[in-house]
Amino acid sequence: MIDLRSDTVTRPSAEMLAAMTSAPVGDDVYGEDPTVNALEEHVAGLLGHEAGLFTVTGSLANMLGVRALVPPGGEVLCEASAHIVRAELGSHAAVSGVTTRTWSAPAGQIDLEQIRALIAPDLGPYFVVTSAVSVENTHNFGGGAIQHSYDALADELDAVGLPLHLDGARLWNAAVATGRTLESYAGRAAAASVCLSKGLGAPVGSVLVGSAELIREARVWRKRLGAGWRQAGVLAAAGLYAVEHNIERLAEDHANARAIASVLADAAPGSVKPDQVETNIVVVDLAGTGHTVPDVVAGARAAGVLVGGVGATQLRIVTHLDASAADCRTAAETLARLIG
């Protein structure tokens with residue numbers, strides 16, 4: 001099967017497995033796992049922050065980052081289709097007591113005018129106060145879109161003293177696609193998370209970065225939530241290998257995604273715009289094609305291609321390091337026959 005449902009489906013390479021089995025380990029709850037410590041330090045340095053915290057998932061990294069910036073009863077602003085409100089099961093409200101308000105924009109983009117209108121100052125003990133703004137870059141449900149007003153938003157938040165939270169699960173993709181450094185993005189945020197188990201191919205894990213004080217608080221809450229590690233260096237080694245070897249090759253995934261989009265645009269004009277595919281996610285709108293998402297997903301599976309639905313009429317296709325250019329061509333041709 002050619003699995004293009006997500007870039008989370010990759011498996012460790014032989015070289016990554018070798019790094020995992022040879023990693024020196026210790027008890028991370030005591031802060032004594034040298035490989036975990038090395039991963040946290042390395043990623044924090046890449047992203048321009050003092051400290052990092054290795055977590056089991058990106059959702060946990062986001063939860064810890066947001067709660068470090070937003071007190072219980074406070075609010076975080078984010079785009080309406082952002083991962084923190086659409087795909088983290090209400091954890092920020094259910095666990096941290098954090099409320100959200102949202103703006104809505106095409107491809108999940110930053111909309112400065114809407115954000116300015118939403119920011120709620122402290123007007124006394126009767127109204128919720130905006131404590132942070134969260135941005136997802138790249139934006140998953142926006143089709144892997146890069147946030148092009150990111151610096152403008154960061155400048156405005158700096159001016160009014162509001163912290164920025166960056167959900168950078170696929171920040172690696174944004175950096176490779178734009179040629180910007182990771183630090184130029186993450187360094188603007190008070191707290192930022194990056195995922196190791198999506199495009200980079202590690203089997204598990206994310207890293208939250210921030211100030212030393214913020215990470216100390218997040219470490220306490222990680223343990224309080226039952227997510228302390230023991231000899232986690234075997235997993236951190238995979239993350240280190242991924243960061244050291246698999247960032248630049250993301251350009252291949254971006255090229256494969258654009259190639260898929262081009263084939264599908266020819267098969268079903270208007271279903272996708274190849275010039276809007278910026279990274280490794282292709283969203284195909286079947287409205288007007290006469291085909292339904294369940295039928296196309298089932299037909300693709302029967303032909304050996306796995307894709308997913310992300311809406312009533314939308315397919316999502318995600319390229320990754322375990323899908324070669326030839327695999328992606330085959331998948332594109334298969335889908336073209338189904339939707340054309």
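These legends walk through close-up views of a predicted model. Local features are described where pLDDT is at least 70, side-chain atom pairs count at pLDDT 80 or more, and totals for chains, interfaces and linings use all residues. Residues are numbered from 1 along each chain as its sequence is written, and side-chain values use heavy atoms, with hydrogens and water left out.

**View 1. The whole protein and its overall dimensions.**

View 2. The domain assignment gives domain 1 (14-246) and domain 2 (249-339), with bounds from an automatic or database assignment. Their centres, taken over C-alpha atoms, sit 28 Å apart. Domain 1 brings 18 residues to the contact and domain 2 brings twelve, where contact means heavy atoms within 4.5 Å. About 1,300 Å² is buried between the two, 54% of it from carbon and sulfur atoms; buried area is the accessible area (1.4 Å probe) that two parts lose on being put together, summed over both. In domain 1, look for Gly143, Asn173 and Asn246: they lose the most area to domain 2, together 32% of what that side buries.

View 3. Which side chain does aspartate 7 meet in a salt bridge? Its partner is arginine 170, at 2.8 Å, N to O. A salt bridge is a side-chain nitrogen of Lys or Arg within 4 Å of a carboxyl oxygen of Asp or Glu. Aspartate 7 is in the loop between strand S1 (2-3) and helix H1 (14-21), while arginine 170 is in the loop between strand S6 (164-168) and H8, 163 residues apart. The structure holds 13 salt bridges, but the count between domain 1 and domain 2 is zero.

**View 4. Two backbone spots to check.** Most residues other than glycine have a negative phi, and most peptide bonds are trans. Leucine 89 has a positive phi of about 55°, and this residue lies in the loop between helix H4 (83-86) and helix H5 (91-94). The peptide bond from asparagine 137 to threonine 138 is cis, with omega near 0°. You'll find threonine 138 in the loop between strand S5 (130-136) and helix H7 (150-160).

Technical notes. Helices (H or I, at least four residues) and strands (E, at least two) are DSSP runs, numbered from the N terminus.
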